[in-house]
Structures are given as structure tokens and as C-alpha cells.
Amino acid sequence: MLKLSIERVSKQFGHKRALESITCELTEGVYGFLGANGSGKTTLMRILAAVSRPSSGRVLCDGEDIGLMNERYRDLLGYLPQQMGLYKNFTVVKFLLYIASLKGIEKKKAEAKVEELLQIVHLTEEKRTKVGKLSGGMKQRVGIAQALLNDPKIIIVDEPTAGLDPKERIRFRNLLSSISSERIVLLSTHIVSDIEYLAKELLIMKRGMLIQKAQPQQLLEGLTNKVWTILVRPEEISTLQARHKVSSLINHGESIMVRMLSDYKPDPRAEAVQPNLEDLYLYYFDEEAEK
Ligand SMILES: Nc1ncnc2c1ncn2[C@@H]1O[C@H](COP(=O)(O)OP(=O)(O)O)[C@@H](O)[C@H]1O
Ligand SMILES: [Mg+2]
């Protein structure tokens, strides 16, 4: 089984330390990198995609340093960068054939592959449309199609659902799930619902560090007795908000149901409830998310 080993990877930009000794192992399955903006997700993904090199540490693919594998690593890899330049005036099919030629795929093979991928990403009808005229979701699907041209065993997608509407997000998620078997899929996002059911493991990044790596269920169990609901009068809300992280407020007639995080029972009336990933996100990222 394919294995990526990240060994004490750090990245320095001038005085800025963007990654701080990241160590972990990834095998087949979908991994969700979660973290606020600036936590280092893109920096790490660029290193894993061999677009950028670590300042120290290394990444091994089945025991070999990816920095030394060159072409052999690129042949295994499909990468959808956070900001992907699409050639606006190319049609979808022309763009994909162009990328295939850059990847060194022989023409006949590329043509067949492009047709197959257009079906997988549901863009067959748009194949003659200029890329510049596509919706955000369609562009992202072109992006994933280009990443899949070489049948990669390692797929890296950086914030693929940013800017997509909920329907497009669901579609993208289903697409990733359908291509994930026998592959390593790395996906970064700051939207929890993108990876709620998709990810085998969540990797939580904060200020350049990997602070958690576990199955979603395990992370949620860590929040047991930390998520509470309490029914209060509207005038009580500001006091609660000042003391605790509030994850939701729901109107209940004259009263309001407050859902909040607290390491202890925040009020005699409070009841512990089942944690969800939104709570988890708030638990780790609240302060950063507000910046
Ligand atoms: N090329 C660069 N030069 C200087 N600082 C950078 C560069 N790229 C990223 N950074 C900094 O590194 C940190 C991590 O950024 P990034 O990896 O883009 O985070 P994320 O993708 O989680 O939002 C941020 O503080 C960012 O400003
Ligand atoms: Mg990023």
C-alpha cells in the first residue's frame, strides 16, 4: 500500500515560520486538512505536491525522498492548487488536452482519457464551452479533471470548494469520494461540512503546527461533556457569550436555545449534548477565524 511519510517538515519564509516540524504518515484514503486561514495548509500541500521544498525535514513516498524522485513522483501525483490559472479562452476539451500534453501523455491516449474524465466530472455537455464562461463549480470540476489526467495515486486538492454554492460543494464531495479508493487523497478546507463524512482522518493545523490527527469520531469523542445547550431569556445571552464560545442560537418562542462550548457545566440549567464537527471547529479555531 502506498505511503507518504512527512518527516519533521518545516518551512520558513524570511522571518515567518509557516510550518513547524510536521510529522505524520498517510496511507490510502481521504485526509482532511482543517485549519484557519494562514495555518499553513497551502504551504504543506505545495511541499507534498513537490512544487515547493521544505526548509528542513523531508517527505518520503514509499521510503524515497520525493525531492529526488522528480518525474517518477509527478507521475504519481495529481494536484489542484488553491489558485489555479485556467486558460480562459481555451474550450474545456482543449484545455484538458493541453494539460495532458504538458504531462507527457500521448495524444490518442489523452483524447480517450479526456472523454472519460469529462463524463466523471459531468462536463461532457460543456466540453466545447470556453473555460472563462464556466461557473465556479464547473471550473473546479475542470480543475479536478486536469489533476486526474495521469491516473494519479496521490491526489492533492487545496480548498477545492471555496466559492462554490452548497449544491456544487455536494457534487464535488461526491466526486472526490468516488475517486478515492486505492488512492491517497489530501483535501484542505476551512469548511467542516466538506469533509464530515468523507475523511478517514482529520488533520488539524494551527499556526503551522499539526495539532491533531485522528478519525472524525475520535475527535468528537474528545469533546464529550464540553458541548452544552441551555434555554435562556434573550437578556442573558451577552453574559454567556462573554464567557463561552457560542456555536448557535435558536429561537424558542420567548426563550433562546444557546449551544456553547465549555470545559465545565456552564450553568445549572445546562445539558450536555452530542458534539458535532461545527463544535469541533469552533473549539480549535474560534479566535483565528475571527481575525
Ligand atoms: N510565499 C510566501 N512568503 C511569505 N509568507 C508566506 C508565503 N506563503 C505563505 N506565507 C505565510 O505562511 C503562513 C501560512 O500560509 P498558508 O500556507 O497559505 O496558509 P493556509 O493555506 O492555511 O491559509 C501565512 O502566515 C502566510 O502569510
Ligand atoms: Mg491556503
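User: Which residue just after H4 takes a positive phi?

Analyst: In this predicted model, the residue to look at is Gly104, which follows just after H4 and takes a positive phi of about 75°.

User: Which residues of helix H4 are buried?

Analyst: A residue is called buried when its relative accessible area is under 20%, and in H4, which spans residues 92–102, this holds for Val92, Val93, Phe95, Leu96, Ile99 and Ala100. These residues cover an arc of only 160° around the axis, which puts them on the same side of H4. What covers the buried residues of H4 includes helix H5 (107–120) and helix H6 (136–148).

User: How should I read the sheet, and in what order do its strands stand?

Analyst: In a regular strand the side chains alternate between the two faces of the sheet. Here four strands form an open sheet in the order E2-E1-E4-E5, with antiparallel pairing. The edges are E2 and strand E5 (64–65), each of which pairs on one side only.

User: How many residues lie between E1 and E2 in their hairpin?

Analyst: There are two residues between them, and in the turn Gly14 has a positive phi of about 60°. Strand E1 (residues 4–13) and strand E2 (residues 16–26) are paired in the antiparallel sense over seven bridges, and Gln12 stands opposite Arg17 in E2.

User: How many bridges join E4 to E5?

Analyst: Strand E4 (residues 56–61) is joined to E5 by two bridges, the two strands running antiparallel, and the bridge partner of Cys61 in E5 is Glu64.

User: Into which domains is the protein chain divided?

Analyst: The division gives domain 1 (4–215) and domain 2 (225–274), and the centres of domain 1 and domain 2, taken over C-alpha atoms, are separated by 39 Å.

Terms used. Residues numbered from 1 in each chain as written. Chains lettered and ligands numbered in written order. Predicted model: local features only at pLDDT ≥ 70, side-chain atom pairs only at ≥ 80, totals over all residues. Heavy atoms only, no water. Pairing = 2+ DSSP bridges. Domains from an automatic or database assignment. Buried < 20%, exposed > 50% of the residue type's maximum accessible area, 1.4 Å probe, protein only. Arc of directions from axis to C-beta. Contact = heavy atoms within 4.5 Å.
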